[in-house]
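Reader: I am new to this entry and would like to learn how to read it. Could you walk me through it step by step?

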Amino acid sequence: MTQETELVFSRPESLSDVITHYCPGCIHGIVHRLIAEVMDELGIRERTVGIAPVGCSVLAYNYFECDFAEAAHGRAPAMATGMKRVRPELVIFTYQGDGDLASIGTNEVVHAAARGENITTVFINNAVYGMTGGQMAPTTLPGMVTTSSPYGRDVKVQGYPVRVCELISQLDGAAYVVRRTAYKPAEVRKLRKALKTAFQVQMAGLGFSLVEVVSNCPTNWGMTPTESLKFVEERMVPYYPLGDYRVKDEVKDL
Amino acid sequence: MKTLMKGNEAIAEAAIRAGCEAYFGYPITPQTEVLEYMSRRMPELGRAFVQAESELGAVNMVYGAACTGARVMTTTSSPGYSLMQEGVSYITMSFVPCVIVNIMRGGPGLGNIQPAQGDYFQMTKGGGHGDYSLIVLAPSTVQETVDMIIEAFDLADKYRQPVTVIADGAIGQIMEPVEFPELQEPERPEHPWALTGAKGRDKNIVTSLFLGAQNLERENLRLQEIVAEIKANEVRYTEYMMDGAEIVIVAYGTAGRIVQTAVKQARAEGIPVGLFRPISMFPFPYEPLARATENAKQILVVELSAGQMIEDVRLANCERLPISFFGKMGGVVPLPDDVLAEIKKLV
Amino acid sequence: MSHIVIDQDRCKGCELCTIVCPQGDLVQMADQFNVKGYRPSAFVDPDGKCTGCALCATMCPDMVITVYRTPRKARTG
């Protein structure tokens, strides 16, 4: 006896029907899908423009069904600024990794936030430079071994990690700055909500929104995907605490 | 009706008259007045203005706005233009239009704030990485600057490329009477490639990334075709007192203007000298220069640099005539009398 | 009955779907390889225990899992 079933989970319209080049178990795939779900839910696919970084997600423009631009390394928030200032009716998001946002692009993201640009930045923090083969990132944890910190990150000569949410939340132009993760379904749901709020903040013209996702890199961490999620939970999240770092009052009324 | 205006301010107003919807810039002497003027005028007209965090930020804001098909400009001076090279290379390979003005100053390095022409190589031979050449227009008066800025926007849209204007601190700072065309609402042309939201159409992607050798070769061939078209159609130059000239002086921009006065003086003294002034530094007027010097006996190149355009003059000349050089570096600007003295040495 | 459909040819064998099933082990790694050389996941639900909660699909980075849920009314009715 077969009972009728309804389809409750399938590909969002805004997510392209292609196989991605991301490694098995990479959280990029989850975040892409969540952004696409939010675009569908808010009905903004036809007026959204994404800006891809230099990093593993350099080909993000192949994975979304909306207009997309490819930025120079770190410059996506400046591109987004230029775009939004001439076409304020567009919903514009940048999608950036550790090197792109916290190393070469720090100036651009800090000033986009300071100016309160009505754009949304999705920041994927996985403590390593993935695309180029696993070098140390500004977010690499102390003691972590990478291809350019082969003895483990020595804070005396290689400095301490950069906590982006804490940094950006100091800027008055930032309206919504939160840190989430995706290592288990409950966290994935919270991340989805944060992404939706971030886009809504932009659409309400409340200022700069940033969602940092504490993420994994099984390949360059030398772990299986399931091991890497454990590392996110047990080592990354304690250093990069989840939470809301800056939420303007008006955001709560959305 | 003519207005007396400083070069930098005229550049800003010219862009506005050309329908520039957005200006992104960063303060740097000797062109900061462009930024300041724009900061006042653009909001008056409901258009976009941002003082960026750096020239890196400015050129990338230009890139973003250009992706949407809007007319957009930035201006800077030599050190800032160096910073912009990454962006220029990316914008060029993305086939989106914009206008970039370099008000040259003494270099290299931090240099000084006096007028110079030391960025010729950088502007005409690429500047950023990769195979490309952009249109480079060289005005020598404020009115020419106004006219060329307005034309630059049309050329940028026509070729889907950045178009550059090469000027210097003298032009930026000098005040002269200028005329502008009527102020109109900017037209938003329908560009099928623009990022305007994928409504009722497939998505557009603007990128300079083409993985795979065949893909990148294809895009490079496309770019080279545009360069070839530009070479065929956009050569510009002007001649002054070239009839029967035995000495042909080649100079552009402010140097050209100084030489013009010297040539007039020399002719008054009976010296058969003329000025060939290139206006498109790229595409360089090789053939017109070769034709113009057919019956000359020698060439003198005058630049505010160690000698950069002189290499293009040599290419046009094909080792036919002797070429002399008179140049000043560091922002030293020679007087017409200095040039006249050089002319007399050659007689 | 609630169930999932796994596009095994697209699966990259990351196993994230196998660790979140509230029923325990309805999603397991298959014995064979797919066309890409990965061992894909497989839906193993002989007793019809799947509730269509979609937690497995939530964790999948590659949109490999589609979920069909029996509406509550039909289940209890």
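Reader: Let me begin with chain C: how many helices and strands are there in chain C?

Author: First, a word on what you see. This is a predicted model, in which local features need pLDDT of at least 70 and side-chain atom pairs count only at pLDDT 80 or more, while totals for chains, interfaces and linings use all residues. Residues are numbered from 1 along each chain as its sequence is written, and chains are lettered from A and ligands numbered from 1 in the order in which they are written. Helices (H or I, at least four residues) and strands (E, at least two) are DSSP runs, numbered from the N terminus. Chain C has two helices and four strands, and from the N terminus on they come in the order β-β-β-α-β-α.

Reader: What radius of gyration does chain C have, and what would a compact globule have?

Author: The radius of gyration is taken over C-alpha atoms, and the globule rule is 2.2 Å times the number of residues to the power 0.38. For 77 residues, a compact globule would come out near 11 Å; chain C has 13 Å, which agrees. Along its principal axes, the C-alpha trace of chain C spans about 45 × 20 × 20 Å.

Reader: How much of chain C counts as buried?

Author: A residue is buried if 20 or more other C-beta atoms, placed from the backbone, lie within 10 Å of its own. In chain C, 40% of the 77 residues count as buried.

Reader: Where do the buried residues of helix 11 of chain B fall when seen down its axis?

Author: Helix 11 covers residues 309-317 of chain B, and its buried residues are B:Met309, B:Ile310, B:Asp312, B:Val313, B:Ala316 and B:Asn317. They fall within an arc of 155°, so they line one face of the helix. The arc is that of the directions from the helix axis to the C-beta atoms. Among the elements that cover these residues are helix 10 (286-292) and strand 14 (298-303) of chain B. After helix 11 of chain B comes B:Cys318, with a positive phi near 50°.

Reader: Now for the chains together. Which pair of chains has the most contacts?

Author: Two residues are in contact if their C-beta atoms, placed from the backbone, lie within 7 Å. Of the two pairs of chains that touch, chains A and B have the most contacts. Chain B and chain C do not touch, and their nearest C-alpha atoms are 21 Å apart.

Reader: Which helix of chain B gives the largest share of the side that touches chain A?

Author: Here 34 residues of chain B are in contact with 29 residues of chain A. Helix 3 of chain B gives the largest share of the chain B side, nine residues. By class, that side has 18 nonpolar, 11 polar and five charged residues. Ala, Val, Leu, Ile, Met, Phe, Trp, Tyr, Cys and Pro count as nonpolar, Asp, Glu, Lys and Arg as charged, and the others, Gly among them, as polar.

Reader: In which sense, parallel or antiparallel, do strands pair between the chains?

Author: Two strands pair if DSSP finds at least two bridges between them. Strand 3 (residues 67-70) of chain A pairs with strand 9 of chain B in the parallel sense over two bridges, and A:Phe68 stands opposite B:Ile205. Strand 1 (residues 6-9) of chain A and strand 4 of chain C run antiparallel, joined by three bridges; there, A:Phe9 has C:Val67 as its bridge partner.

Notes:
A residue is buried if 20 or more other C-beta atoms lie within 10 Å of its own, exposed if 12 or fewer, and partly exposed in between; C-beta atoms are placed from the backbone.
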